Amino acid sequence: QVQLVESGVGLVQPGGSLRLSCTASGPIFRLNVMGWYLQAPSKQRELVAVATSGGSTNYADSVKGRFTISRDNAKNTVYLQMNSLEPEDTAVYYCKITAVRDYWGQGTQVTVSS
């Protein structure tokens with residue numbers, strides 16, 4: 001069974017930074033996509049950024065230039081470096097790995113507030 005463990009929950013002030021990490025364990029197909037999604041209150045879950053095991057990345061327009069996704073394939077870990085955070089970034093952030101099927105993390109709360 002594939003499991004994802006996220007870390008990096010936090011409260012930060014506007015303009016601040018935070019790094020999220022997510023480590024996958026279990027039988028993981030080496031060709032996979034790992035990414036981050038967010039879900040704000042009363043809204044649908046949406047893409048933040050994804051990174052393939054081959055090194056390709058894709059970002060939501062709202063985070064381009066502020067967030068950076070990276071991964072360590074040897075550790076099955078994906079990171080999300082979030083800079084210049086805005087109150088609108090407040091949400092629960094979920095990690096997902098797609099390898100034959102989707103697996104989701106439990107979600108981690110990020111709150112941007114002064």
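Q: Is Glu86 buried, exposed or partly exposed, and what is its relative accessible area?
A: Glu86 is partly exposed, at 34% relative accessible area. Buried means under 20%, exposed over 50%, and partly exposed in between, with a 1.4 Å probe and protein chains only. This is a predicted model: local features need pLDDT of at least 70, side-chain atom pairs count only at pLDDT 80 or more, and totals for chains, interfaces and linings use all residues. Residues are numbered from 1 along each chain as its sequence is written, and side-chain values use heavy atoms, with hydrogens and water left out.

Q: Which residue does Glu86 form a salt bridge with?
A: Arg66, with the closest N and O atoms 4.0 Å apart. A salt bridge here is a side-chain nitrogen of Lys or Arg within 4 Å of a carboxyl oxygen of Asp or Glu.

Q: Arg66: buried or exposed?
A: Buried, with a relative accessible area of 11%.

Q: Which residues are linked in a network of salt bridges?
A: Arg66, Glu86 and Asp89.

Q: How many salt bridges in the structure?
A: Four. Among them, Asp61 pairs with Lys64, closest N and O atoms 3.1 Å apart. Asp61 is exposed, at 63%. Lys96 and Asp102 also meet, at 3.7 Å from N to O. Lys96 counts as buried at 12%, while Asp102 is partly exposed at 33%.

Q: New topic. Which residues form a nonpolar patch on the surface?
A: Phe29, Leu31 and Val100, with about 350 Å² of accessible area together. Areas come from the Shrake-Rupley method with a 1.4 Å probe, with only the protein chains shown as cover. Patch residues have over 30% relative accessible area and no salt bridge; nonpolar side chains (Val, Leu, Ile, Met, Phe, Trp, Tyr) are joined within 5 Å, like charges within 9 Å.

Q: Where is Leu31 found?
A: In the loop between strand S3 (18–25) and strand S4 (33–39). Leu31 is partly exposed, at 48%.

Q: Last one: what classes of residue are in the lining of the largest pocket?
A: Three nonpolar, four polar and six charged. Nonpolar means Ala, Val, Leu, Ile, Met, Phe, Trp, Tyr, Cys and Pro; charged means Asp, Glu, Lys and Arg; the others, Gly among them, are polar.

Methods
Helices (H or I, at least four residues) and strands (E, at least two) are DSSP runs, numbered from the N terminus.
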